[in-house]
Amino acid sequence: MEREVESMREYYDSGKTKEASWRASQLEGLRAFLTDQQHDIFHALMQDLGKHHLESFRDEIGTLIKSLNFALKHLKQWMSPGKAELPRIALLTSAEIVAEPLGLVLIMSSWNFPFGLSLEPLIGAVAAGNTVVLKPSELSSASASLLASALPNYLDNKAIKVIQGRPEVAEQLLFQKWDKIFFTGSPRVGRIVMSAAAKHLTPVTLELGGKCPAVVDSLSSSWDREVAAKRIIVGKFGACAGQACIAIDYILVGKEFASTLVELIKVWIKKMFGEKPSESNTIARIINKQHFFRLKNLLSDPKVKESVIYGGSMDEEHLFIEPTILVDPPLEAAIMSEEIFGPLLPIVTLEKIEDSIKFINSRPKPLALYVFTKNQSLQGRMVSETSSGSVTFNDAILQYAADSLPFGGVGESGFGNYHGKFSFDTFSHQKGVLRRSFLTDFWFRYPPWTTTKFQELEASYNYDYLGLLLVLLGLKTSPKRL
Ligand code: NAD
């Protein structure tokens, strides 16, 4: 592994990956991989997670192609140095910001969107001109194998490598020196990544998870209610069966609207997944037995079990869990403190919807906050009085696809962000470049120090060039002390 890493560093030093044409060719290679291999990608996602191909296209292939098109369209502009403003006193001086690649980067991804969460950061890393080692999760093994076997046919293998393996392989990788580590996964492994990175002072981006609440205000129009119910179901059960970092984890709703909402959700679950969801191929399966039993255990507490008002059936052989609704499970139960990451949806009723602000603020900062309301004042309060990676009003998940928005967490849900230009910036160093002429030079910068020089120096910080000239000619007084 050391030799591998060393050869990639040498390749980076050759300067090849900094060329605009190389970056564009890798992005085009990625796009060709997604289109040529579409069928195999569908197959791998079906094997790993039982994802319907429409869901796979929507959440992985389609979203990635959109991101690649955006990156290819803006690559030249992102790479161009940005002009930086200087004070007017800085005569014959210019400043610019140059984005330079960081070098050799490690991307570690999770299993729930094995293509999206591996290739979305890869887009940013190659657009920024880095060499990259990608370590996909071993749990989505069919997808990881496809990435390892097919991706090299489309990309420059000297610069981009896929390394598969269990956590021990990840540990060995973390032992190496990287110029950046981009990690998507759990807060537990995030801590391991950060301490390994600290040894080499390597910068990290941590894309973690947590519990994402959806606040649902009383909606008076029946159209709005139906649309909200459908979006909630897709934002939970339709997002890899709830195994998504930005899936709705639980709902907060005022007492007067709770029963209306529950009834609508029940009706729409049946419409979307049929009377027998276990026979439906439109809902993904749980990734493995360990996660299946983790989810089953969340319901094992008798008080939690009592709160189940819909669903609850499980099929261990096919790793299937029915969309399940719980109303007011005990707040101290694991289902209300741990990230659920599966198709169990607790609904917590509150006296009034405004109480949701206090509820959210009393828990770790979520990656995403969803609020279904037309009330402008509540929308304003949600943005200004709570903290989360993002806030989405009247929908769920969609913020992930917006190239113009940074995607990332805050507090326990992680730090750093990516998508669109933010991905490019995440894998770049913003280098400040200052250019001076020899023609203008101020004597008061240099010792020996005198009272006059002090006044002139003071004036240079407070005035523009003309102001300073007037002070020097004795036509203007020096400014008050700074
Ligand atoms: P995980 O932390 O178990 O694994 C993530 C990666 O870390 C994998 O590549 C795995 O091989 C590696 N790994 C596992 N154990 C390791 C160890 N001991 N040392 C070094 N590396 C190790 O996470 P997961 O189960 O794949 O994903 C679920 C979590 O990820 C959830 O918390 C979810 O919210 C979060 N997530 C976040 C995002 C996001 O974009 N913010 C997206 C998807 C998932």
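This is a predicted model: local features need pLDDT of at least 70, side-chain atom pairs count only at pLDDT 80 or more; totals for chains, interfaces and linings use all residues.
Residues are numbered from 1 along each chain as its sequence is written, and side-chain values use heavy atoms, with hydrogens and water left out.

The protein chain has a further part, domain 3 (442–482), besides domain 1 and domain 2. The domain bounds come from an automatic or database domain assignment. Between the C-alpha centres of domain 1 and domain 3 the distance is 50 Å.

The ligand sits in the largest pocket. A pocket here is an open set of points on a 1 Å grid over the protein atoms alone, where a 1.4 Å probe fits and protein lies on both sides within 12 Å along at least five of seven lines. To sit in a pocket, a molecule must have more than half of its atoms within 2 Å of the grid points. Among the elements, α7 (167–175), β6 (180–184) and α8 (187–199) each give two or more residues to the shell around the ligand, and α7 gives the most, with four residues. Helices (H or I, at least four residues) and strands (E, at least two) are DSSP runs, numbered from the N terminus.

In total, 28 residues surround the ligand, and the closest are W111, E138, S186, L208 and E339. A residue counts as near if one of its heavy atoms lies within 4 Å of the molecule. By class, the shell holds 14 nonpolar, eight polar and six charged residues; Ala, Val, Leu, Ile, Met, Phe, Trp, Tyr, Cys and Pro are nonpolar, Asp, Glu, Lys and Arg are charged, and the others, Gly among them, are polar.

Polar contacts (pairs of N or O atoms within 3.5 Å) give more detail. An oxygen atom of the ligand lies 3.1 Å from a backbone N or O atom of G185. A nitrogen atom of the ligand is 3.5 Å from an N or O atom in the side chain of E171, and a polar backbone atom of E207 is 3.5 Å from a nitrogen atom of the ligand. Of the 850 Å² of accessible area that the ligand has on its own, the protein covers 93% (Shrake-Rupley method, 1.4 Å probe).

Two backbone features remain. L201, in the loop between α8 and β7 (204–207), has a positive phi of about 55 degrees although it is not a glycine. The peptide bond from P447 to P448 is cis, with omega near 5 degrees, and P448 is in the loop between β18 (428–436) and α16 (451–462).

Key
A polar contact is a pair of N or O atoms within 3.5 Å; within protein, one must be able to donate a hydrogen and the other to accept it, and residues adjacent in sequence count only if both atoms are side-chain atoms. On a 1 Å grid over the protein atoms alone, a cavity is a set of points where a 1.4 Å probe fits but cannot get out, and a pocket is an open set with protein on both sides within 12 Å along at least five of seven lines; lining residues have an atom within 4 Å of a point.
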